[in-house]
Amino acid sequence: MSDESPLIRSLRAAVAAAPDDVPLRLHLAELLLAAGHSDQAVTEAAVALQHAPGDADARALMMRAMGVPTAPADLQPQPPSEPGGFDWTAAEREIEDAVPPRFVTSERAMDSPAPATEAPVAADGGGDAGSVSAWDIDAPGSVSLADVGGMREVKDRLEAAFLAPMRNPELRRLFGKSLRGGLLLYGPPGCGKTFIARAVAGELGAGFLSVSVNDVLDMWIGNSERNMHEVFETARRQAPCVVFLDELDALGAKRSRTHHSGMRNTVNQLLTELDGVDAVNEGVFVLAATNVPWDVDIALRRPGRLDRTLLVLPPDAPAREAILRYHLRDRPIESVDLGRLVKVTEDFSGADLAHLCDSAAESALLDSARTGTVRMINMTDLLAAAKDVRPSTEPWFAAARNVAMFANDGGMYDDLLAYLKKKRKL
Ligand SMILES: Nc1ncnc2c1ncn2[C@@H]1O[C@H](COP(=O)(O)OP(=O)(O)OP(=O)(O)O)[C@@H](O)[C@H]1O
Ligand SMILES: [Mg+2]
């Protein structure tokens, strides 16, 4: 290693002289990790674990070096943590002929001619915008529809039903009121509703104000109407802005919350905001999302309000490839055949795919720690994980099926019925 810092070099020497000194070795591993040599950090951490199998520091460092999130419940993609983290592409080029490649392809034929290229940008799950004092707007521009892998149908419908008219003020003026109103995204959990809403904001060059309706309701009990008004006022002040109402069903007065006294008023307030005279809402775009559209208050779906719906289904093959590629981007992998993984992950949600990658990383990690020989994450780990993870979308389809069949008011669930038929789930 010619570019190695003097400190790392002398620590290496010290470690070689005292191979049993675990803290010393971990210190070296830390420095290697910080310098972007996560593969070498993994090696040192593994050796340390061999000497001290229960050592919590060694374990934590190993996890970090292998890109395993430390909080097990966290299935969302991590924002790229250290800028300039390990550059796999450059490293691959350096050691091309000595080490197996990260990705391999068995059959070229995937059902898409142009699989999405590089990593989609991580979109955090929604619901994080309800900070106590104010509603925060994300600056425009970080995610666009190009970051959403695959999902051609969704993109086309978005373009036709929402983006084209919104992008074009002339069209808007021409058609006047008929273009008012927002779009309700619905579908099984973890399949990209929040991600797509963020991408829409990016496409419109608008800010993004994400509000979990539950936050609106809970922030100050009894103040929900004012909260709702505040949300829209904030958006109007900073137009163009997408207001994204996540968990819209929380307002649904149909079921458990029927007796919540403030609910009706909050719904009415939202209606007032949505109906706001054109000029007032100029540049404010309303998107909403729910996993249970059948719980959404009917009044909210009347014309001029959230009158268009968009079904967001589990990611198709190109989308799955993009999501897998994204979650494997910083991990030590070898000979991963994405085409094959895509085939065995039909019906998996984006969140399921993230979970799959975490499990595979974990099994490679535990294996390395157990045997003392570091190995990369390989297809065996990934396929085993794919077997273990049950698509979390199944229960949703079971519930949705009944609604689509027996309560398809006004054809709202036509898309869903068509999909169920195509998948022979009906
Ligand atoms: N087509 C896609 N391309 C790239 N990434 C995607 C795609 N679809 C989903 N993802 C990723 O999958 C994860 C889950 O998506 P998201 O949080 O948007 O789902 P959701 O439908 O809002 O879920 P929930 O119902 O739980 O709120 C996100 O991290 C997102 O980055
Ligand atoms: Mg969401």
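**Exercise 1.** Which residues does Glu30 touch, not counting residues up to four places away in sequence?

*Solution.* The model is predicted, so that local features need pLDDT of at least 70 and side-chain atom pairs pLDDT 80 or more, while totals for chains, interfaces and linings use all residues. Residues are numbered from 1 along each chain as written, and side-chain values use heavy atoms, without hydrogens and water. Begin by placing Glu30 in helix 2, residues 22-34, where helices are DSSP runs (H or I) of at least four residues, numbered from the N terminus. Beyond its sequence neighbours, Glu30 touches Leu61 and Arg64, a contact being heavy atoms within 4.5 Å. The side chains of Glu30 and Arg64 are also joined by a polar contact of 2.8 Å (a pair of N or O atoms within 3.5 Å, one able to donate a hydrogen and the other to accept it).

**Exercise 2.** State whether Glu30 is buried, partly exposed or exposed.

*Solution.* Buried means under 20% relative accessible area, exposed over 50%, and partly exposed in between, with a 1.4 Å probe and protein chains only. Because its relative accessible area is 32%, Glu30 is partly exposed.

**Exercise 3.** Describe the largest nonpolar core.

*Solution.* A nonpolar core is a set of buried Ala, Val, Leu, Ile, Met, Phe, Trp, Tyr and Cys residues joined through side-chain atoms within 4.5 Å. The largest has 46 residues, and those with the most contacts inside it are Met62, Val336, Leu356 and Leu382. Helix 15 provides its largest share, seven residues. Leu356 touches, among others, Phe348, Leu382 and Val389. Apart from this core lies another, of 29 residues, including Val213 and Leu300.

How values were computed
Chains are lettered from A and ligands numbered from 1 in the order in which they are written. Helices (H or I, at least four residues) and strands (E, at least two) are DSSP runs, numbered from the N terminus.
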